[in-house]
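Here is a short tour of one structure, meant to be read with the model open beside it. Take a look, then follow along below.

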Amino acid sequence: MTQEALALQSGVTRNVLIDVERGRRGLLYERLFDIADALGVPASELLDLDLES
């Protein structure tokens, strides 16, 4: 999926997606779920959680 397609399906602008990907900005909690829905994955898969430590 392209960033443009993800932006259209999730309601998050492409520029926001780019900034999040580069670590320049965070997301609102609700947007995380919108992106996860658009990707067809649970929101937890989008988080970098180190549960083993």
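## Asp19 in its helix

Let's begin with D19, which sits in helix α2, the helix of residues 14–21. This is a predicted model. Is D19 buried or exposed? Its relative accessibility is 17%, so D19 counts as buried, the cut-off being under 20%. Setting aside the neighbours within four places in sequence, D19 makes contact with R24 and R25.

## Where α1 meets α3

Two packed helices are described by the angle between their axes and the distance between the axes. For helix α1 (residues 3–10) and helix α3 (residues 29–39), the axes come within 9 Å and cross at roughly 115 degrees. The crossing of α1 past α3 is right-handed.

Which residues make this contact? From α1 come L6, Q9 and S10, while α3 brings R31, D34, I35, A38 and L39. Sorted by class, the contact of α1 with α3 has 4 nonpolar, 2 polar and 2 charged residues.

Searching the whole structure turns up 1 aromatic pair. The partners are Y29 and F33, with ring centres 5.0 Å apart and planes at 70 degrees; since planes over 60 degrees apart count as edge-to-face, that is how this pair is classed.

Helix α3 holds both residues: Y29 and F33 are 4 residues apart there, so about one helical turn separates them. How accessible are the two? Y29 is exposed, with a relative accessible area of 58%, whereas F33 counts as partly exposed at 36% relative accessibility.

Conventions
Residues are numbered from 1 along each chain as its sequence is written. This is a predicted model: local features need pLDDT of at least 70, side-chain atom pairs count only at pLDDT 80 or more; totals for chains, interfaces and linings use all residues. Side-chain values use heavy atoms; hydrogens and water are left out. Axes are lines fitted to C-alpha atoms, for helices over the stretch in contact, and angles run from 0 to 180 degrees between N-to-C directions. Helices (H or I, at least four residues) and strands (E, at least two) are DSSP runs, numbered from the N terminus. A crossing is left-handed if the near helix is turned anticlockwise from the far one by less than a right angle, and right-handed if clockwise. Contact means heavy atoms within 4.5 Å. Ala, Val, Leu, Ile, Met, Phe, Trp, Tyr, Cys and Pro count as nonpolar, Asp, Glu, Lys and Arg as charged, and the others, Gly among them, as polar. Rings of Phe, Tyr and Trp (its six-membered ring) pair if their centres lie within 6.5 Å; planes under 30 degrees apart count as stacked, over 60 as edge-to-face and the rest as tilted. Buried means under 20% relative accessible area, exposed over 50%, partly exposed in between (1.4 Å probe, protein chains only).
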